[in-house]
Amino acid sequence: MRCRGWADGWAISTAIDLYETDNGKLPDSLQNLITKGSEPNWNGPYLRKAESLKDPWGMEFQYTKQGNIYALASAGPDMSFGSSDDVK
């Protein structure tokens, strides 16, 4: 399952990069990858369904951004952020 977590994160990362290319900025939230907001150049959906935003354990990926840098993380099998099984 941990490998699938990495693969899911990679797919979301690719979607974020495509969104940024189209819109000139990072999305405010992962939901912006699925649902159009006020972005004039939105060419999504960048992911097919909301379930794509969940890790293999059914938890939503954590998305943070600062400027033009972003990070994705999964809480891992224990479903608790900050433990040794987090997938970053």
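**Aromatic pairs and a loop glycine**

Tyr-63 is buried, with 14% relative accessible area. That's a handy way into this predicted model, which holds 3 aromatic pairs.

**The Trp-42 and Tyr-46 pair**
- Trp-42 and Tyr-46 pair up edge-to-face, because their planes sit at 90 degrees, with 5.7 Å between the ring centres.
- Trp-42 has 14% relative accessibility, so it goes down as buried.
- Tyr-46 comes out at 13% relative accessibility, and it counts as buried too.

**The Tyr-63 and Tyr-70 pair**
- Tyr-63 and Tyr-70 make a tilted aromatic pair, with 45 degrees between the planes and 6.2 Å from centre to centre.
- Tyr-70 is partly exposed at 22% relative accessibility, whereas Tyr-63 is buried at 14%.
- The cut-off for buried is under 20% relative accessible area, so Tyr-70, at 22%, lands in the partly exposed class.

**The ring cluster**
- Tyr-19 joins Trp-42 and Tyr-46 in a cluster linked by ring pairs.

**Gly-58 and its loop**
- Gly-58 sits in the loop that runs between helix 1 (2–23) and strand 1 (62–66).
- With 40% relative accessibility, Gly-58 counts as partly exposed.
- Gly-58 and Gly-76 are 18 residues apart along the chain, and their C-alpha atoms are separated by 9.8 Å.

How values were computed:
Residues numbered from 1 in each chain as written. Predicted model: local features only at pLDDT ≥ 70, side-chain atom pairs only at ≥ 80, totals over all residues. Heavy atoms only, no water. Phe/Tyr/Trp six-rings, centres within 6.5 Å; stacked < 30°, edge-to-face > 60°. Buried < 20%, exposed > 50% of the residue type's maximum accessible area, 1.4 Å probe, protein only. Helix = DSSP H or I, 4+ residues; strand = E, 2+ residues; numbered from the N terminus.
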